[in-house]
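Biologist: I have not looked at this model before. Could we walk through it together, starting with how its strands join up?

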Amino acid sequence: MADSAAELPALPESGERCVVMTMGALHDGHAALIRAAREHAGACGQVVVTVFVNPLQFGPGEDLDRYPRTLDADLRVAAEAGADVVLAPAAEEVYRDGAPRVRIAAGPMGERYEGAHRPGHFDGMLTVVAKLLHLTRPTVAFYGTKDAQQLALIRRMVRDLDFPVRIVGVPTVREPDGLALSSRNRYLQPAERESARALSRALFAAERAVGQGPGPARGAAQAVLDEAAAMEPTVRTDYLALLDPADFTPVSEDFAGEAVLAVAARVGTTRLIDNLALRFAGDGARP
């Protein structure tokens, strides 16, 4: 484990450095990212996993204080998945002068959906991603597609600001019952977990209706969430949106191509997000 970027081992001349950024509380979804990085890096490359609970990503009343911190277990998960080193810096290492006065702004794309419900979240996320990219200097960085808007914004930042790194998205890992893996799942009580399955059931209902077009597909998902609103514990939907992955704006009724159906909801005191990529033929025929 390294406490500082200065402690990272030198990268072999013939290999690539791959980075996986996390906030800890590692689960099988994170392990999938690390395995993907390991496969890409091969024997000559290097896989660096960062563990840093970024305070800039948490707004007032969010769960910064109770966010799980399990570094010893995280080190074991990272090693078993193929990481060469875990960088777990203190806040003072990442933000040497306290909260940074200069931050990266996510812009209009970061003010929609997750950004609207969590003001400033994406500014904080992009700021720490930029910092960690500078500190670790990877050639490739791996992120989960479960955080679809986050991934889209990171790709946009890297493109717009000419970061010398390639961004790779890794598919969402799900529990056998369909629930997307998340560090926040551990907050769910058994009855709440059963209700939370409505998020993935809504997405899969839309997938089954994709041949009917964007409107019916979204409608099929909404029907599942409407039923879940009457469950106990209830599922309180923040948003359900069918979006263009390039800029996270809603797609039209005659849209053709790949869209992202994104959902966010609260079950008890836990807020969950999920999404699914859907491809529309645009002519009423199943793609």
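Biologist: Which residue in S5 is the bridge partner of Val140?

Modeller: First, this is a predicted model, in which local features need pLDDT of at least 70, side-chain atom pairs count only at pLDDT 80 or more, and totals for chains, interfaces and linings use all residues. Residues are numbered from 1 along each chain as its sequence is written, and side-chain values use heavy atoms, with hydrogens and water left out. Strand S4 (residues 140-144) runs parallel to S5 and is joined to it by 5 bridges; two strands pair if DSSP finds at least two bridges between them. In S5, the partner of Val140 is Arg166.

Biologist: Thanks! What is the average twist from one strand to the next in that sheet?

Modeller: The open sheet has 5 strands in the order S3-S2-S1-S4-S5, with parallel pairing. Its edges are strand S3 (85-87) and strand S5 (166-170), each pairing on one side only. Strands (E, at least two residues) and helices (H or I, at least four) are DSSP runs numbered from the N terminus. With axes fitted as lines to C-alpha atoms, for helices over the stretch in contact, and angles from 0 to 180 degrees between N-to-C directions, the twist averages 25 degrees.

Biologist: At about what angle does helix H5 run to S1?

Modeller: Helix H5 (residues 121-136) lies across strand S1 (17-22), strand S2 (46-51), S3 and S4. Its direction relative to S1 is about 145 degrees.

Biologist: How many residues does the contact take from domain 2?

Modeller: The chain is assigned domain 1 (17-170) and domain 2 (185-275), with bounds from an automatic or database domain assignment. Over C-alpha atoms, the two centres are 25 Å apart. The contact takes 18 residues from domain 1, and from domain 2 the number is 19.

Biologist: What does the twist average in the sheet of 3 strands?

Modeller: This open sheet has the order S6-S7-S8 and antiparallel pairing. S6 and strand S8 (270-280) each have a single partner strand, so one side of each has no neighbour in the sheet. From one strand to the next, the twist averages 15 degrees.

Biologist: What angle does H7 make with S8?

Modeller: In this sheet, S6 and S7 run antiparallel and are joined by 8 bridges, with Arg236 partnered by Arg266 in S7. H7 packs on the sheet and touches S6, S7 and S8. With the direction of S8, H7 makes about 15 degrees.

Biologist: Is Ser195 buried or exposed?

Modeller: Ser195 sits in helix H7 (residues 190-208). Not counting residues up to four places away in sequence, it touches Met231, Glu232, Pro233, Val235 and Val267. Buried means under 20% relative accessible area, exposed over 50%, and partly exposed in between (1.4 Å probe, protein chains only). At 1%, Ser195 is buried.

Biologist: What is the relative accessible area of His30?

Modeller: An unreviewed UniProt entry annotates His30 as "active site"; such positions use the numbering here, feature names are shortened, and annotations may be inferred rather than shown by experiment. His30 is in helix H1 (residues 28-41). Leaving aside neighbours within four places in sequence, it contacts Thr22, Gly24, Ala25 and Ser183. His30 is buried, with a relative accessible area of 12%.

Conventions
Contact = heavy atoms within 4.5 Å.
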